[in-house]
2 protein chains.
Amino acid sequence: MAYADQYIEKLRKSGLRPTKQRIKICEVLFDAEKTFHFTIKELVKIIENQANIKVSLATVYNTVHAFIKKGYLKEIPLNASQSYYDTNVSHHHHFFDVEENRLIDIHQDDVDEVNIKRTIPGKKIRSVEVIAKIVSDNQSQK
Amino acid sequence: MAYADQYIEKLRKSGLRPTKQRIKICEVLFDAEKTFHFTIKELVKIIENQANIKVSLATVYNTVHAFIKKGYLKEIPLNASQSYYDTNVSHHHHFFDVEENRLIDIHQDDVDEVNIKRTIPGKKIRSVEVIAKIVSDNQSQK
DNA sequence: ATAATACATTATATTTATTCTAAACTGTTG
DNA sequence: CAACAGTTTAGAATAAATATAATGTATTAT
């Protein structure tokens with residue numbers, strides 16, 4: 001893997017030693033052709049399918065959270081029963097299809113810059129996220 | 001209570017019979033001077049403090065969810081360990097102070113209209129929510 | 001009014017995501 | 001190669017949300 005060094009660096013910067021399990025997690029997350037959304041459980045399954053390495057839930061949780069802290073992953077602000085994460089850390093937003101439980105990226109260019117005029121003393125904005133909930137467009141909507 | 005009829009109507013429209021417990025829930029939610037944010041547990045505590053009626057968690061969950069379906073309450077899209085709800089159902093957004101776990105309303109006028117240019121075939125937008133995460137504004141931020 | 005029915009309430013059990021724990025393991029350093 | 005610091009893991013603990021089933025209450029028709 002030509003990417004291994006890159007992953008080792010990402011791990012080191014996140015304060016984690018590069019172990020077999022963690023490098024496998026990196027491969028799945030950052031080696032993909034496209035960015036994608038995932039839950040922790042889904043990520044564990046992908047790793048199982050794609051490699052012979054078994055990785056425990058706890059390791060995946062720890063690694064994912066370390067990467068979020070560093071900005072290598074993003075958490076998507078949804079009130080779902082489980083947390084959704086995104087390998088696309090660029091500035092963008094989401095549709096959430098509430099009927100199909102499906103997330104769809106909205107490219108930054110498709111949303112006008114969200115400009116918040118109000119400030120809170122002593123605080124600064126870390127992130128601004130837009131979630132647009134969508135539903136079927138039948139006339140008979142309730 | 002002059003409001004009782006109003007609450008009975010809200011309940012009926014939500015498909016719920018007006019019972020003692022549910023009317024108490026209405027009083028706490030809709031009788032307040034200001035709109036407010038709450039979790040289910042907090043709501044149960046407020047009811048306990050403010051009345052002699054004891055209301056079970058299940059009843060509160062059911063009633064709150066029926067009201068959300070009808071649009072009398074809103075769920076705030078946050079990945080917190082528990083769900084936050086809002087009695088302010090007008091169009092507005094939120095700051096979420098990640099360090100203090102505190103929600104602050106952003107009035108509609110303080111955010112430019114969020115205009116999403118992209119559409120999904122067969123789907124329509126039900127709601128658009130902006131969450132701005134805020135943190136302390138020390139120079140020494142990490 | 002009252003009886004019969006349908007719906008509510010409750011305490012408790014269940015489910016499930018997430019976090020914690022402690023024991024076994026790995027890899028690095030002296 | 002011994003000692004140490006950090007890892008991994010299975011399983012336990014935690015806690016929110018939902019389901020259950022017995023008891024209670026509102027509604028309806030009589």
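The surface near DNA strand C draws at least two residues from each of three helices: H4 of chain A, helix H2 (20-30) of chain B and H4 of chain B. Of these, H4(A) gives the most, with four residues. Please bear in mind throughout that this is a predicted model.

In total, 19 residues surround DNA strand C, and the closest include Tyr61(A) and Ser83(A) from one chain, and Thr19(B), Lys54(B) and Ser56(B) from the other. By class, this surface has six nonpolar, nine polar and four charged residues.

Which parts of DNA strand C lie within 4 Å of the protein, sugar or phosphate, or bases? Of the atoms within that distance, 82% belong to sugar or phosphate, and the rest to bases.

Thr19(B) places a side-chain N or O atom 2.2 Å from a phosphate oxygen of DNA strand C.

The largest pocket holds about 1200 Å³ of space. Its lining comprises 37 residues, and those nearest its centre are Ile68(A), Lys69(A), Arg126(A), Val98(B) and Lys133(B). Two or more lining residues come from each of helix H4 (57-70), strand S2 (74-76) and strand S6 (123-136) of chain A, and from strand S6 (123-136) of chain B. H4(A) is the leading contributor here, with five residues. The lining divides into eleven nonpolar, 16 polar and ten charged residues.

The second largest pocket contains about 1000 Å³ of space. It is lined by 31 residues, with Lys133(A), Ile68(B), Lys69(B), Arg126(B) and Ser127(B) nearest its centre. At least two lining residues are supplied by each of S6 of chain A and, in chain B, helix H4 (57-70), strand S2 (74-76) and S6.

Which element provides the largest share of the lining of the second largest pocket? That element is S6(B), with five residues. By class, the residues of this lining are nine nonpolar, twelve polar and ten charged.

To close, I would return to H4(A): this helix gives the most residues to the surface near DNA strand C, and H4(A) also gives the most to the lining of the largest pocket. Thank you.

Conventions: Residues numbered from 1 in each chain as written. Chains lettered and ligands numbered in written order. Predicted model: local features only at pLDDT ≥ 70, side-chain atom pairs only at ≥ 80, totals over all residues. Heavy atoms only, no water. 1 Å grid on protein atoms, 1.4 Å probe; cavity = no way out; pocket = protein on both sides within 12 Å on 5 of 7 lines; lining within 4 Å. Points joined across faces, edges and corners; volume = space filled by probe spheres on them. Nonpolar A, V, L, I, M, F, W, Y, C, P; charged D, E, K, R; others polar. Near = heavy atom within 4 Å. Polar contact = N/O pair within 3.5 Å; in protein donor to acceptor, adjacent residues only side chain to side chain.
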